[in-house]
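Please read this briefing alongside the sequence and the coordinates. The points below are grouped by topic.

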Amino acid sequence: MTLTYETLSENRSFGGTQGVYKHKSQATGTDMTFAVYLPPAAEFGKVPVLWFLGGLTTTHENAMTKAGAQEWASEYGLALIFCDTSPRGEGVPNDEAYDLGQGAGFYVDATEAPWSTHFKMWHYVAHELPELVFNNFPLDRDAQGITGHSMGGHGALTLAMTYPETYKSVSAFAPIANPSQSDWGRKQFTAYLGADESKWQAHDSTVLMRERGYPGEVLVDQGGKDQFLDLLKPETLAHAMMERRQPGVFRMQPGYDHSYFFVQTFMPEHIRWHAERL
């Protein structure tokens, strides 16, 4: 596994540094771009880490520039990591639809052609990129939290429930909550993982909540006027949390849609949530 990277940019932000970097990924077989925000506290030692996973069509850049997270990460002394949502580039398969292919990796390791060669986003996010960043930045491996928006909320919840010993805190903004029963999931899981629906269950946060839950508290915010409510299916996750008596909070926020205006509104509370647990 290569642990080298190229610096694309570094900018001062709220007393810390927002950097953007590129490296050659063995998992995806492509160049991958990611961003790391280091708060001022990182100048004095290792700091806790909050991973942010993006939604459909986004890259590392969307949340980095639109979520308003750096101010609060600086205040609470958290590092932020923004990674891409899929492999990209020449030779990487794609689809005309925005919700499949490049920009829509769904945080799974594809097993079906033509996706299986490059679309290994589960391994990339859970294993490869962490090895790179923890070996090159002043980050505390034992203090990791994870969050995300939409498809990224799906990824954050499924990763946290699969690796609770790694992710000590978890939250989500408008997650795709029940992808095995949604058009934002069934289409992609069939393409990436095949028609056997039993293979999909490990990547459905509602199923995982029913089967195992999360040992800590879970925070989920969902906009009440989200234009994609029928695809996100938040009620299924909320019901699963209640059925399991999962500690945490599921909040429907009246009047908010699916945009980054929603994300940036509640980002301070999410960062505080993670800071208190890390």
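How are H3 and H4 oriented to each other? In this predicted model, helix H3 (residues 121-136) packs with helix H4 (residues 151-162) at an angle of about 60°, the two axes lying 12 Å apart. Angles of 65 to 115 degrees would count as roughly perpendicular and those under 35 as roughly parallel, and H3 and H4 are therefore oblique to each other.

**Helix packing**
- The crossing in which H3 passes H4 is right-handed.
- On the H3 side the contact is made by Trp122, Val125 and Ala126, while H4 contributes Thr158, Leu159 and Thr162.
- Sorted by class, this contact of H3 with H4 comprises four nonpolar and two polar residues, with no charged residues.

**Largest pocket**
- The largest pocket holds about 230 Å³ of space, and its lining consists of 14 residues, among which Leu56, Thr57, Thr58, His149 and His258 lie nearest the centre.
- By class, the lining of the largest pocket has eight polar residues, five nonpolar residues and one charged residue.

**Backbone features in the loop between E5 and H3**
- Most residues other than glycine have a negative phi, and most peptide bonds are trans.
- Phenylalanine 106, although not a glycine, has a positive phi, near 60°, and this residue is placed in the loop between E5 and H3.
- The peptide bond that runs from alanine 113 to proline 114 is cis, with omega near 0°, and proline 114 is found in the loop between strand E5 (79-83) and H3.

Notes. Residues are numbered from 1 along each chain as its sequence is written. This is a predicted model: local features need pLDDT of at least 70, side-chain atom pairs count only at pLDDT 80 or more; totals for chains, interfaces and linings use all residues. Side-chain values use heavy atoms; hydrogens and water are left out. Axes are lines fitted to C-alpha atoms, for helices over the stretch in contact, and angles run from 0 to 180 degrees between N-to-C directions. Helices (H or I, at least four residues) and strands (E, at least two) are DSSP runs, numbered from the N terminus. Angles under 35 degrees count as roughly parallel, over 145 as roughly antiparallel, 65 to 115 as roughly perpendicular and the rest as oblique. A crossing is left-handed if the near helix is turned anticlockwise from the far one by less than a right angle, and right-handed if clockwise. Contact means heavy atoms within 4.5 Å. Ala, Val, Leu, Ile, Met, Phe, Trp, Tyr, Cys and Pro count as nonpolar, Asp, Glu, Lys and Arg as charged, and the others, Gly among them, as polar. On a 1 Å grid over the protein atoms alone, a cavity is a set of points where a 1.4 Å probe fits but cannot get out, and a pocket is an open set with protein on both sides within 12 Å along at least five of seven lines; lining residues have an atom within 4 Å of a point. Grid points are joined across faces, edges and corners, and a volume is the space filled by probe spheres set on the points.
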